[in-house]
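Dear colleague,

Please find below the structure that I am handing over to you, together with its sequence. My findings follow directly after it.

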Amino acid sequence: MEWLSAENVVAVGTAVVGIVASGVMVWYERRVPRRKRIGYRVQMDNPIGDDGRSGSVNGRIGWFEEAAGMVGATFVLLRIENDGSQGIARDDYTGPERHGLTAVFDQRTIRGVSVTQPTDTDHLMDHFTADRGFGYEGDTLRIPRVPLNRGEHFKLLVLLSGGHVGSGIRLYGGLREGEVHPNRSATPDDVPPLFSRAARLISIMLTVCVVTLATIVVVRDDSRPPIGCAGGTLTVTGSTAFAPVVREVARAYEGECEGATVTVDAHGSTAGIRELTAAGTAAKKGSPPVVALSDGPKPAGLEALRENRVAVSVFALVVNDGIRLRDLSTADVRRLYQGKITNWRELGGPDLPVILVSRDANSGTRQVFQRRVLGRGEIENSSVDCAHKDYPTAPVVRCELDSTDQVLSTVAATPGAIGYSELNLADRAKGLHPLDLDGDPPSVDAIEHGTSDYPYREIEYAYTYGRPPADSLVSDFLTYLTRGNGQDVVRTHGHLPCWSPEGLRLCQTSPSGM
């Protein structure tokens, strides 16, 4: 088919009209570009007791009649949603307080709050704790820094007294490169209009253009995959700490790219590098469909492996909640992992023996810890069950486990235990807490803005064997992970994407000097 054929002219013209219409719609709806948006709407504001505005007396029985303060009580159902085009991470909230958002109920007093969320977002409940700033006082409700993927929401059912139905309800808070705004909805069944009338007309025009273009494409060739997608199978191996990120990115990519299958099989950074090297050697020519994730750079001598810098990952030392310490010096950490400190009372903690819960030799998290914090290797393994010494001459109990999840669950269940983990997983775990090092907290936000010298961090690498073809699934998936929608997932999981403005600066720094 020639370039100036009727089909191509119509297709290009339709695409241009569609792009222009899309640009006009975006300009119209977002005079100031704000891709991160939190919307809120009051879905219910009903009296339990007497309706102060109309003077009527509502019928009540049971607890609503017997409990004190119900005469002027009201129920409010407040829905908070990410209705922007990007995911929102905890660090995107910019307020100086520990919490992220504040709701004010004018002329009313808060008596109780219940949190609900869709069944597929159970992880959001981990953030609604007093330690994360969740609480209320008077007419003010403090809402934690809850990370929300695009389209996610949660609801707050608030019991109030005083005032009356219809009193003002406001939600405010700082959001980096975004805004908090009210949406129009009076009841749970109301669906707020997504666009104004003018924008809807533009959307109809855009839809007609897209349908026309799609019809031309289908008539010409129905077999091509979408632009930027590739079919086939891909195996991602390596880091267990970064595996949750890649699993979510893989599901998103498979949903957008029909015919692509991405399997995440993580066994540790070192094991992943070995698996990739073996697959490349066995392939004889070309690049095998394998990507190895590594917490830190590859070992020397593996020139055939090609690196892609994905994100800055922050790790944390974690201790059982029975150890009330919140900060350790790097010198004390080194003495702990040399077996020179055997009881926590030597550091001002409880009278408990030190138990070192470590990762196996394949772990990139362990290698980063040894390289960035200890400056040397750990002492030898002395326990199989993480509870008893296998030989009495060992200075402390030290065991090795296969995954980050195993380390976290063992530290949480073992008095006197200390271990290490990727920060986001550590923050979500119960029964343990992360430690500051030399007074610097493990904080992605502080590192991103250059206000912290926290040492336990590293660049997350994705390695391929040689250079994969530009149209291969390996290349397309890595582009999606590092520069496409995968960046939102990386940020939501508490990592700093290398292709973000601050990430570019940090990821260009050599590993030894980052």
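The link of C498 and C507 is left-handed, with -75 degrees about the S-S bond. Please note that this comes from a predicted model. The sulfur atoms of C498 and C507 are 1.9 Å apart. C498 is buried at a relative accessible area of 3%, and C507 is likewise buried, at 4%.

A search of the whole structure finds three disulfides. Another of them joins C229 to C257, with 1.9 Å between the sulfur atoms. The torsion about this S-S bond is about -60 degrees, so the disulfide of C229 and C257 is left-handed. C229 lies in the loop between α3 and β10, and C257 in the loop between α4 and β11, so the pair ties together parts that are 28 residues apart in sequence. C229 has a relative accessible area of 14% and is buried; C257 is buried as well, at 2%.

C386 and C399 also form a disulfide, with a sulfur separation of 1.9 Å. Its torsion is about 105 degrees, so this disulfide is right-handed. Both C386 and C399 are buried. Counted along the chain, the bonded cysteines follow the pattern 1-2, 3-4, 5-6.

I turn now to a sheet. Four strands form an open sheet in the order β5-β6-β3-β8, with antiparallel pairing. β5 (135-137) and β8 (169-172) each have a single partner strand, so one side of each is left without a neighbour in the sheet. From one strand to the next, the twist averages 15 degrees. Strand β3 (residues 101-105) is joined to β8 by four bridges, and A103 stands opposite L171 in β8.

Yours sincerely

Terms used
Residues numbered from 1 in each chain as written. Predicted model: local features only at pLDDT ≥ 70, side-chain atom pairs only at ≥ 80, totals over all residues. Heavy atoms only, no water. Pairing = 2+ DSSP bridges. Helix = DSSP H or I, 4+ residues; strand = E, 2+ residues; numbered from the N terminus. Axes fitted to C-alpha atoms, helices over the stretch in contact; angles between N-to-C directions. Disulfide = S-S within 2.5 Å. Buried < 20%, exposed > 50% of the residue type's maximum accessible area, 1.4 Å probe, protein only.
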